[in-house]
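Thank you for making time at the end of the meeting.

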There are 4 protein chains.
Amino acid sequence: MLHFDCDYMEGAHPLILERLVEHNMVKTIGYGCDDICAEARRKVLEACGNPDSEVHFLVGGTQTNSTVIKALLRPHEGVIAASTGHIAVHESGAIEASGHKVLTLPHRNGKLVATDIDHYIEHFYGDESFEHMVFPGMVYISLPTEYGTLYSLAELEAISEVCRKWQIPLFVDGARLGYGLASEECDVTLADLARLCDVFYIGGTKVGALFGEAVVIRKGLVPRMFTIIKQQGALLAKGWLLGLQFDTLFTDGLYLKIAAHAVAEAKRLREALEAKGYRNYYLSPTNQIFLLLTPEELERVKQVVTYTEWERLDDGQTVIRLATSWATRKEEIDLLIEKL
Amino acid sequence: MLHFDCDYMEGAHPLILERLVEHNMVKTIGYGCDDICAEARRKVLEACGNPDSEVHFLVGGTQTNSTVIKALLRPHEGVIAASTGHIAVHESGAIEASGHKVLTLPHRNGKLVATDIDHYIEHFYGDESFEHMVFPGMVYISLPTEYGTLYSLAELEAISEVCRKWQIPLFVDGARLGYGLASEECDVTLADLARLCDVFYIGGTKVGALFGEAVVIRKGLVPRMFTIIKQQGALLAKGWLLGLQFDTLFTDGLYLKIAAHAVAEAKRLREALEAKGYRNYYLSPTNQIFLLLTPEELERVKQVVTYTEWERLDDGQTVIRLATSWATRKEEIDLLIEKL
Amino acid sequence: MLHFDCDYMEGAHPLILERLVEHNMVKTIGYGCDDICAEARRKVLEACGNPDSEVHFLVGGTQTNSTVIKALLRPHEGVIAASTGHIAVHESGAIEASGHKVLTLPHRNGKLVATDIDHYIEHFYGDESFEHMVFPGMVYISLPTEYGTLYSLAELEAISEVCRKWQIPLFVDGARLGYGLASEECDVTLADLARLCDVFYIGGTKVGALFGEAVVIRKGLVPRMFTIIKQQGALLAKGWLLGLQFDTLFTDGLYLKIAAHAVAEAKRLREALEAKGYRNYYLSPTNQIFLLLTPEELERVKQVVTYTEWERLDDGQTVIRLATSWATRKEEIDLLIEKL
Amino acid sequence: MLHFDCDYMEGAHPLILERLVEHNMVKTIGYGCDDICAEARRKVLEACGNPDSEVHFLVGGTQTNSTVIKALLRPHEGVIAASTGHIAVHESGAIEASGHKVLTLPHRNGKLVATDIDHYIEHFYGDESFEHMVFPGMVYISLPTEYGTLYSLAELEAISEVCRKWQIPLFVDGARLGYGLASEECDVTLADLARLCDVFYIGGTKVGALFGEAVVIRKGLVPRMFTIIKQQGALLAKGWLLGLQFDTLFTDGLYLKIAAHAVAEAKRLREALEAKGYRNYYLSPTNQIFLLLTPEELERVKQVVTYTEWERLDDGQTVIRLATSWATRKEEIDLLIEKL
């Protein structure tokens, strides 16, 4: 049986483990105040071409989303997200637990559209009845989206412009950022994100690390972020574990290199499956493949590979997801193509 | 200019003011622990035919909703509501501020449907991926709904049955309860509510009182509700003000009597407007009238009466709401009919 | 039996009831957007000599404290209060329910001391270990305090100076403000409060109103306070009820006039009791009297008057509180003095 | 320079790293639903002699404390803790952020005393004025305490009895549990904890793991704990990382074996320092040493070793903490003794 359930089934890139073993017994101070973290921060900012931001390392995605959103919103504010956004659906109410509503707008291929955001916010200026509603205090998007789709640079710039017009921060969830940036169809760079967003994060858990997300915050935007992270239970005692991983991923371009591998293998698999007559449900140019399967196709697939069931349609068809990762081996893809 | 913006434009029924003036200088202990409140509680329970419930008096609707919902839910739980539910739209995120998500389901004429609720909850049993989602911990409905519509007894029984099947409480927002119960089309009684719900409240603010909501809770459901009310800032120091109002409203059937007046006047207005060619947008058998107006009609209406703008449709038409109340005078209705 | 349990045992000043009866059937728009509220706000600001602040009317004290504190703090911040502060002891955790810690400092006669605050805050600058602790984000004091004591102008200025030095807001709980300002020993005025605090409120519930607190906020300090009030369930539908009461209290100096009466009667009672050998526990120059009673004295008192038990000391003595109010009649005091 | 700042300066026990390297590329399902976690749970429960509890693996201590406490408390409840308890002082308000007050009682050598707890809770039954206060909903103790001291079995049984009398859960923070259990002076076992507590956790971060705490919960106490963990951002995607670590620590008694080493070295250091005239501030029989130093002694110590400054006393003396760990080498201790 092959396994393509998700992109976090393996541990860490071997280079990370190597350094971990090497550093294991070196006494290091806690909470990310050590030199390894300092160096990792420097490298991340260098990759962003933006030495003036702050970098904080957190452990996982839901934790990062709820910590950042709580840190940015005032009590009466909510966060705008696509109805398919991770924070709206799959975080067990983490955002609401911090006191804030997720204000969902309809998605298009998993994406928000700048003009939709603009029209939504507009109501809150001038129309008194909206004073009884949750005020939109920030915008959250995922890049790539939960459907593996990408914002073009033009789309991202348009959303950023709307946010600046209304003076609310733009936050990009980059849990799979590497797999977006490494796609041939992506015209957005780390430097663009640093320029257009107020906060974004570079996902490690799904792209080469054991765990970890590197949050890049516009300088001065969130005073005392350290204490907020601690309060959220998101401050790792041995913070150097996070620094060491990001330092490795941002040395010699490892992060994008291993992401590119996953995207290339996904592309190869997608094209092979299309050639065999399988139908894509979303056109994802990243490491996720969404297939629309008839009951017969589903039965066949089940014999060969484990996957994530995405949605059962009323017509009896099923949407499933296959995900490649930095750790996917060519032979696995070959075998999967052969068997399907 | 006439005023039909909403049903809380006047103060209290004169009998209430009379008693208030009379009692004003009598020294009374605080926080609702006084005899007037005790007597009011007794009368409310008598009206419900349910001497075994608890009654708590709170000041307003949003406060009551957030206090009750917070009191009932565990951290990982949310509250199911119609997408048009007051808690989902017009309470500035009060529910989320207490840490809980409002889980919206599509409405039908402002109402939830029992089978929709059932199917929604079903997913959370057996399907592991739902463990990453907010668990449905209670059901909230409004009676009448925000659109002035009514649940039939059969519909309410069906929803109650679903709630009991899944062992989650049913909560009925009765901010306008009198205007529902007093409608000719309503086959639900206070005794039915006491039987079928776990918590419901009898709105005073919109039905004869200066302010106040009487919350009826199934005995033992919420230990130490007093402290929770205090914590929410919802405990009135001079609690006897609430007791005195509900005692008056529940003496000699005053509550339903004055509600019936409002509903009758609304009916008279609705029929007269229909005769003149105005179109209803929702068929509300209670004290609210929703009109669908062309731009020309709207212009005419604006000259005569103040109202609440409900929705601007894409085709240029507007939905407005006119509301009668216990205080509406026959002459006002006559005049409004004449002028429109 | 006489009743001196607290200062909120009666309803409202007769002039308020008169106006309420008069206005009762006048249709008025909701949520405090009406003309009566506007006029009341104008008069409150005039009394403060500070036309540039905002005034919001809320219903009760705990509600006001939790709403203001939540509105001012960021997530990692707490509020400094005396260990005897109302928010620290008697609000059922309302502040914590909004996500914030009450940071208690030792009290001196119910009061905070400026230098204590200064030293406490100082630690959070420069000492890294304090980054794991709740950051002090504002200062809360009560005037008069829970023990009926008063801050002198010099003490208030010193605290204000510390707050400005560290750039955190100063919030004064004035639930009994009238009884403080009306004391002969008070050298603080409304204008001083407006000058030295960032937020303070003028208590109505305990000083002449049925209910209501007028919150005065430095302009621009809390954007969209209206929505925050709504979210907290603290927005009264018939907001004009609050405006009408404060408009009456701030016409012709009624507020201070009736407060002065309560303070004078308390003084008369205190002096008479001292002459009879009763011992004060705190020296309160306002409307509250704290007596230290032997078991025998307590037994005697119990026969004559209802009171609030404040504290049982280990040596068998008991501290009780008697409170006068705007509504206390001279004859009651005469009788109480005679009987004790 | 030697380093004895804390007990989490090194990575993981070599056996853990070995297994990590070995398992790194094995595809494993997420969120702790894998076989390694199942086996680790089995071994932990076996060590507790209590096959009927639930085990959940979380990443760190603050996270565990706030997740467990939130999961157990109703809205109006707070958690009783020693004034020196970690949740009361050094978690940046994590408990308050979840809506609950920490109810601090005076400590004796860092410990709560059963009779103090009993008297505190007693007030909330029968005395109405306590209905305005936060209700004590659970008890939190640390074993060992923040001062390295230990509860005897008799003390623990007494506290457990009080909790059962009042029907509130007892929660033991075992961030350093190993160093407690391994102390010669400890007469409490894992089986005792399983018998006497409702929830406790076995700290890994400070005792041999890279990170991780194993929470043992009485069966049925917290329905849907998985979702609550997710909501708190505390669910590790690659949950097997936690399972693997605890599986290793609970194979062949490794956990207690390495803890015993740390305690033995601490004892050796403590006795040597005493012999040299250094004074202990707390008598800690575990892995922490608290020294009371004159300014001259402090100056000498500073040249030799890094430590944690605990407290500056008014008389100019300083309390510092030195901590050994599972990773402390004998030679380090020898050198430290020699140099001091």
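This is a predicted model: local features need pLDDT of at least 70, side-chain atom pairs count only at pLDDT 80 or more; totals for chains, interfaces and linings use all residues.

Residues are numbered from 1 along each chain as its sequence is written, chains are lettered from A and ligands numbered from 1 in the order in which they are written, and side-chain values use heavy atoms, with hydrogens and water left out.

Let me start with chain A. Chain A has 14 helices and 13 strands, where helices (H or I, at least four residues) and strands (E, at least two) are DSSP runs numbered from the N terminus. Its C-alpha trace spans about 60 × 55 × 35 Å along the principal axes. The radius of gyration of chain A, taken over C-alpha atoms, is 20 Å, which agrees with the value near 20 Å for a compact globule of 340 residues, the rule being 2.2 Å times the number of residues to the power 0.38.

What does the meeting of chain D and chain A look like in numbers? In contact, meaning heavy atoms within 4.5 Å, are 45 residues of chain D and 45 residues of chain A. Since 100% of the interface residues of chain D are also interface residues in chain A, the copies meet through the same surface. Together they bury about 3900 Å², 60% of it on carbon and sulfur atoms; buried area here is the accessible area (1.4 Å probe) that two parts lose on being put together, summed over both. Tyr8(D), Lys27(D) and Lys238(D) supply 19% of the area that chain D buries against chain A, more than any other three residues.

Lys27(D) also takes part in a salt bridge with Glu10(A), at 3.8 Å from N to O, the term meaning a side-chain nitrogen of Lys or Arg within 4 Å of a carboxyl oxygen of Asp or Glu. Between chain D and chain A the count is four salt bridges. On the side of chain D that touches chain A, the elements giving two or more residues include α1 (14-23), α3 (61-72) and α11 (240-249) of chain D.

Lastly, the backbone. Most residues other than glycine have a negative phi, and most peptide bonds are trans. Asp252(A), although not a glycine, has a positive phi of about 55 degrees, and Asp252(A) lies in the loop between α11 (240-249) and α12 (254-275) of chain A. The peptide bond from Leu143(B) to Pro144(B) is cis, with omega near -10 degrees, and Pro144(B) sits in the loop between β5 (135-142) and α7 (153-166) of chain B.
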